[in-house]
Amino acid sequence: MSLGKILISLENSWKREEILLKIKNGFGTDLIVNEFLAKNDMQIKELNSLLRPEDIDLLNNVEKLSSCESKLINKIKNLNYLENIENHHIMNKKKILPSKKVSINKISSFMINWSNKFVVIALLTISAIALSKQAWA
């Protein structure tokens, strides 16, 4: 199987909506990852055999990007929490109506789409590099 087909198949198996639902239902992230690895064992082994050092570097950068996004989400969440505490104190003291906040759904949708687009572009880039190397070989 080609690298591109494996990546597309794995991407189709990793449905963010289903994973988010599992998380909401109390599944641990380790369990989710282990289930995915077990379900896609053959494809992951084949993918691993096709990866070159530059692909590994790209995956390391994607991992760093995901970590960065996680930290950004955490900071935004903490800022929102601190603002809510401050607004609560202000409302108690001055009885001022709170300002309208950006919906958490809009923020999470933005982060999911932003992250998805980058990962898809990274995977397509890996696939294009692999296919061009095969064409020149």
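1. Of the protein chain's 137 residues, 17% count as buried. Buried here means under 20% relative accessible area, with exposed over 50% and partly exposed in between (1.4 Å probe, protein chains only).

2. This is a predicted model: local features need pLDDT of at least 70, side-chain atom pairs count only at pLDDT 80 or more, and totals for chains, interfaces and linings use all residues. Residues are numbered from 1 along each chain as its sequence is written, and side-chain values use heavy atoms, leaving out hydrogens and water.

3. The protein chain has six helices and zero strands. Its pattern along the sequence is α-α-α-α-α-α. Helices (H or I, at least four residues) and strands (E, at least two) are DSSP runs, numbered from the N terminus.

4. Confidence needs a look. The mean pLDDT (the predictor's confidence in each residue, from 0 to 100) of the protein chain is 78, and 60% of its residues reach 70 or more. Helix 3 (residues 29–39) has the highest confidence, at 93, and helix 6 (residues 104–136) the lowest, at a mean of 66. Over residues 96–100 the pLDDT is below 50. Beyond near neighbours in sequence, that stretch has three contacts in the model. Contact means heavy atoms within 4.5 Å. Where pLDDT is low, the predicted coordinates should not be read in detail.

5. Now contacts across the sequence. In the protein chain, 73% of the contacts with a separation of 6 or more are between residues 24 or more positions apart.

6. Which residues of helix 1 (residues 3–13) are buried? They are Leu3, Gly4, Ile6, Leu7 and Leu10. These residues lie on the same side of helix 1 because they cover an arc of only 160° around the axis. The arc is that of the directions from the helix axis to the C-beta atoms.
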